[in-house]
Amino acid sequence: MNILILGDIFGIPGVEAIKKNLPKIIIEKKIDFVIANGENAADNGLGITKKNSEDFFNAGVNVITSGNHIWDQKETQEFIEKEKRLLRPENSLKPVPGKGSNIFISKNKKKIAVLNLMGNVFMKKSDDVFLAAKKFVSEVKLKKDADFIVVDFHGEITSEKMAIGYFFDGKATAVVGTHTHVPTSDTRVLNKGTAYQTDLGMCGVYNSVIGMNGENSLKKFLKDTSAQRHFPADGEATISGLLVQGDHETGLAKKAEQIILGGSLQERFK
């Protein structure tokens, strides 16, 4: 079972890179299921539109996860109720539309549970993420309720992400971090069989400040009065993500491979 998990898709360059390259990646890597974080896909890099979602599904994405920017586009609150393949963080403060987890069917007829969580440290206020994680594992069991389980933890700090990784070790196929837009080099399979990476990075332009125009961002840090509102950088986007090979017998990970393709980062795409 080959599961591809993609980092935050950022702005027009990121969206175009997914539309252009994902169908080929799916064929070349024999991908069975694709999860992508889409909360920065809108033209201004903030939120996700219905058109973005449709573009991703047409390119081969099966499930879209999100995070603290999920509501930045007003239309999202309307279409997320009908679009079950778009998730918001499970531990969002209630009441809130949409779902934070669901079980989906892959093209090879396997049940894949996807859980979207958001960190509590330096993030928008949300319910206790570890209590939400405990509740999920009490209700969804690997190889009983789902053949595979993938967790997208949208968080700021590495310690919180690593703690969630260890919490789910042996209980999920993969745990990945999103949000920082910088790919970490700690890709591995944990001791009990769960694939892990602290942050997938972004599918966006890396000659930037986390996807936003670098010159304008620097002006803001320097308190330059000529600075404009943040806007996405132009250029060729890099696709960043993780390819997980899942074991059909155990539901755990056999292998985890970092994927970096195109743009300005050193490629990791064998």
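A polar contact is a pair of N or O atoms within 3.5 Å; within protein, one atom must be able to donate a hydrogen and the other to accept it. The structure described here is a predicted model, and this report begins with a residue that illustrates the definition.

Tyr 206 is found in the loop between β11 and α6. Because buried means under 20% relative accessible area, Tyr 206, at 16% relative accessibility, counts as buried. Its side chain reaches the backbone nitrogen of Met 202 at 2.7 Å. A further polar contact, of 3.0 Å, joins the side chain of Tyr 206 to that of Ser 240. When neighbours within four places in sequence are left aside, the residues in contact with Tyr 206 are His 181, Pro 183, Gly 201, Thr 238, Ser 240, Ser 264 and Leu 265. Gly 98, by comparison, is 108 residues from Tyr 206 in sequence, and their C-alpha atoms are 31 Å apart in space.

**Salt bridges**

How many salt bridges does the structure hold? There are 9. The table presents three of these pairs.

| Arg 85 | Glu 83 | 2.8 Å |

Elsewhere, salt bridges with shared partners join Glu 16, Lys 19, Lys 51 and Asp 55 into one network.

Asp 32 is located in the loop between α1 (11-28) and β3 (33-37). Which side chain of opposite charge is nearest to Asp 32? That side chain belongs to Lys 107, 5.3 Å away. A salt bridge requires the nitrogen and oxygen atoms to be within 4 Å, and Asp 32, although buried, has no salt bridge. A polar atom of the Asp 32 side chain does, however, lie 2.8 Å from the backbone nitrogen of Asn 2. Beyond its neighbours within four places in sequence, Asp 32 is in contact with Met 1, Asn 2, Asn 62, Ser 106, Lys 107 and Asn 108.

**The ends of helix α6**

Helix α6 comprises residues 214-221, and Asn 213 caps its N-terminal end. A side-chain oxygen of Asn 213 lies 3.2 Å from the backbone nitrogen of Glu 215. Just after α6, Lys 223 adopts a positive phi of about 60°.

**The cavity**

The structure holds 1 cavity of 30 Å³ or more. The volume of the largest cavity is about 30 Å³. Its lining consists of Ile 80, Glu 81, Glu 83, Lys 84, Leu 86, Gly 98 and Lys 99. Glu 83, one of these lining residues, also meets Arg 85 in the salt bridge of 2.8 Å described above.

Methods. Residues are numbered from 1 along each chain as its sequence is written. This is a predicted model: local features need pLDDT of at least 70, side-chain atom pairs count only at pLDDT 80 or more; totals for chains, interfaces and linings use all residues. Side-chain values use heavy atoms; hydrogens and water are left out. Helices (H or I, at least four residues) and strands (E, at least two) are DSSP runs, numbered from the N terminus. Buried means under 20% relative accessible area, exposed over 50%, partly exposed in between (1.4 Å probe, protein chains only). Lys and Arg count as positive and Asp and Glu as negative; His and the chain ends are not counted. Contact means heavy atoms within 4.5 Å. On a 1 Å grid over the protein atoms alone, a cavity is a set of points where a 1.4 Å probe fits but cannot get out, and a pocket is an open set with protein on both sides within 12 Å along at least five of seven lines; lining residues have an atom within 4 Å of a point. Grid points are joined across faces, edges and corners, and a volume is the space filled by probe spheres set on the points.
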